[in-house]
Amino acid sequence: MTVAGDALQEQAAARQLASAVRKLFGRSLHVRTVDTGSCAVCESELRLLLAPHYDLHRLGLFFTPAPRHADMLLVTGPAVRAMDTALLKTYVAMPDPKIVVAIGACPLGGVYAEDDLIHGRLDQVLPVDVVVPGCPPNPLALLHGLLVAVGRLAERVGDLRFVIEEPGP
Amino acid sequence: MPSGPGREAVAVSSGDDRPFYGAAVVRCPDGQAAAARVRQFGEHFGARVADLYAAMEEELVTLHLVMALDAEGGYVDLTWPVSGEQYPAISEILPAAFVEECEIFEQFGVRPADNKPLNRVAIPPRAEAHFPRLGPAPGHEGRHPRAPHYVAGEAFEFPFGPVRAVAQESLYIGLVTSGEEVIDLYLMQWHKHRGLERRLQGLPPERALFFVERMEGLSAVGNGWAFCRALEGCAGVQVPPPIERVRGIALELERLYNHAAAVAALAQATGLSVGQAQAEIVLEQLLRLNSVVFGHRYLFGVLALGGVHRAPEAGALRELLGSAVDGLRREIEALQSTNSFMDRLEACGIVSPEVAQRLAVVGPVARGSGQNRDARRDHPFGPYLDERVEVATRASGDVLSRLEVVATEAAESARLIGEFCRAGLRAQASSRPVHLPRSASALGWSESSRGESLVSILVDDNELSRVRLRPASVRNWRAFDDAARSRNVFTDVPIIEASFWLTVAGFAR
């Protein structure tokens, strides 16, 4: 792909994402990340989402250190079993509706096979809603993944019930 | 081989038909003899602990101590079998070997005979006997690293991790503090242990290279090249200089983007958003440059056994490199003229030259503490045989001196890339099949952006029977707690971490 083509695609994706986030979350969608044994490269690409070239903040997306504030969980790494407790605690602490995005080839099962150390696939541990393949997925691919995830989250919001119906007599 | 006093005593012994490539091998009959040899090497030759690892050879745990003789330009692999469950403690002679002694205890169940408590490295607590290990499980667990940190009076432990700031690797930091000052600090890294060394056993070499690149993705070329060199050494494959220079370019590009990333992380840790953004612009430029020149932002898949999978786009390299390197230089200069930045760096996170020497750290951490060592110059390989690397050192050992080392190294990397291009590159991808011999051992090394990276392999029955990976992160995390304890406050810890620029993935692997 050419650099110009990249830039055009990036702009289009960014516009779509910005309007979706604005409409659904009032420019305030919060994202938490968890590393379950990655090689540190996916983390590097995630950090670059905040860098001037991509600048997620302008789209109304924010990284948050607190899972209680997070709408979306980005998980990297092949789901090492030793991280299970930390990962589940993070997931449980997030309020509904929440969405899980698997980042990179590792949580898809593309790198490590399952054994006593590693689940090998994230969906063995958490319900995965969106996958972003790549080793590593570049920031543009991550942007596309977030766009898909926002769409999924919108469906979840639509399904939420705010009134608890009393059981019939 | 080294020269000087005691030379006769260190002649290579024979008696085993397994050839060893990349290092002079010294075989000892038992631990006592080995300890005597270690003393000899330490005293007469100033040998530095590069690595200590174990392997199962004929149902017996065999230890290999890799010592670097930097002045002479060679490595020595001192090997001896362990009978029983204990061996004479190497860390009593050369303290740097402690972290490997802990690893060997977890993976092979043998321990040094000094009754010192051993720390947990990679195996999670309460792991059962069938937990995947490289050798037999130990009879009892290593101590919990929390145990010796006696907290009394007003001090308390502030637990931090393993889920840390956004897009940071998983790492548990136990901060012992009385409120602001870091009294003590310890790390738990086993959350990320993926058992890579075990996974590599018996794998075809090409597949093993795939995993070695993904052990510590930010040093894919540094670690991958060390692995390729070990394999090529024992398979007798000669890589032509124009191809070695292509590898050299990949290694220097990797160093450049890592140094830019470290500068960005430093600016972030000191709270300078503008400086961070500027450094990230340069980082993104360098990653896109990697992508244009070699087809991958992090240079995965560039190396092949016996050659390279990708030929560089030399035109694009010439066109884009200059502006990115200039940008990095300007950015570092701008930061260095910002008082609020410099105030945070000076006298922060000090690793004294004595500590650096004792813990045998490598890379910019060592060079920032006055240790003049660089595998590209001391143990030249590939293109560095023809092109001498100018090594920058600083004496004060604080974060600022590490930044200055990084700044100088970035300029040197750009110069090296220019020299390699001028000397001529292979314009097509080219690799040669590597056939493993029936039985061999080999050591491969390179200098990643974090420091010297070592890979040792043992081949039996034409298969990889043991692959030992020793990325620079293994050595350098050892000095992190010393740096953090040196009269620092809480908020200095991220600054020190950025200046070390290590990965947990490499340590826990």
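Visitor: Which elements of chain A have the lowest and the highest mean pLDDT?
Guide: This is a predicted model. Among the elements of chain A, helix H1 (residues 3-25) has the lowest mean pLDDT, 70, and strand S3 (residues 72-76) has the highest, 94.

Visitor: And what does chain A average?
Guide: Chain A averages a pLDDT of 84, and 83% of the residues score at least 70.

Visitor: What about chain B?
Guide: The average for chain B is 86, with 94% of the residues at a pLDDT of at least 70.

Visitor: Where in chain B does pLDDT stay under 50?
Guide: Over residues 1-15 of chain B. The model has 25 contacts for that stretch beyond four places in sequence. Where pLDDT is low, the predicted coordinates should not be read in detail.

Visitor: Switching topic. How is chain B divided into domains?
Guide: Domain 1 covers 8-112 of chain B, and domain 2 of chain B is made of 196-346 + 361-469 + 495-504. Their centres, taken over C-alpha atoms, are separated by 27 Å.

Visitor: How many residues are in contact between domain 1 and domain 2 of chain B?
Guide: On the domain 1 side there are 26 residues, in contact with 22 residues of domain 2 of chain B. The area buried between these two domains of chain B is about 1800 Å², and carbon and sulfur atoms give 53% of that.

Visitor: Which residues touch the most other members of the largest nonpolar core?
Guide: Tyr75(B) again, along with Phe227(B), Leu253(B) and Ile457(B). The core has 148 residues. Helix H6 (residues 241-269) of chain B gives the most to this core, with 16 residues.

Visitor: Where does this core lie relative to domain 1 and domain 2 of chain B?
Guide: Between them, because both domains of chain B give residues to this core. Apart from it lies another core, of 29 residues, including Ala47(B), Leu69(B), Phe108(B) and Ala360(B).

Visitor: Back to Phe227(B). What does Phe227(B) touch?
Guide: Leaving out residues up to four places away in sequence, the list for Phe227(B) includes Pro205(B), Leu305(B), Val455(B) and Ile457(B).

Visitor: Now helix H10 of chain B. Is Glu354(B) buried or exposed?
Guide: Glu354(B), which lies in helix H10 (residues 353-359) of chain B, is exposed, because its relative accessible area is 56% and the cut-off for exposed is over 50%. The C-alpha atoms of Glu354(B) and Gln371(B) are separated by 9.5 Å, at 17 residues apart along the chain.

Visitor: And how does Arg358(B) count?
Guide: Arg358(B), also in helix H10 of chain B, counts as partly exposed at 40% relative accessibility. Not counting residues up to four places away in sequence, Arg358(B) touches Pro95(B) and Ala96(B). Arg358(B) and Arg48(B) are 310 residues apart along the chain, with 8.9 Å between their C-alpha atoms.

Visitor: Is Cys42(A) buried or exposed?
Guide: Cys42(A) is buried, with a relative accessible area of 12%. Cys28(B) counts as buried too, at 7% relative accessibility.

Methods
Residues are numbered from 1 along each chain as its sequence is written. Chains are lettered from A and ligands numbered from 1 in the order in which they are written. This is a predicted model: local features need pLDDT of at least 70, side-chain atom pairs count only at pLDDT 80 or more; totals for chains, interfaces and linings use all residues. Side-chain values use heavy atoms; hydrogens and water are left out. Buried means under 20% relative accessible area, exposed over 50%, partly exposed in between (1.4 Å probe, protein chains only). pLDDT is the predictor's confidence in each residue, from 0 to 100. Contact means heavy atoms within 4.5 Å. A nonpolar core is a set of buried Ala, Val, Leu, Ile, Met, Phe, Trp, Tyr and Cys residues joined through side-chain atoms within 4.5 Å. Helices (H or I, at least four residues) and strands (E, at least two) are DSSP runs, numbered from the N terminus. Domain bounds come from an automatic or database domain assignment. Buried area is the accessible area (1.4 Å probe) that two parts lose on being put together, summed over both.
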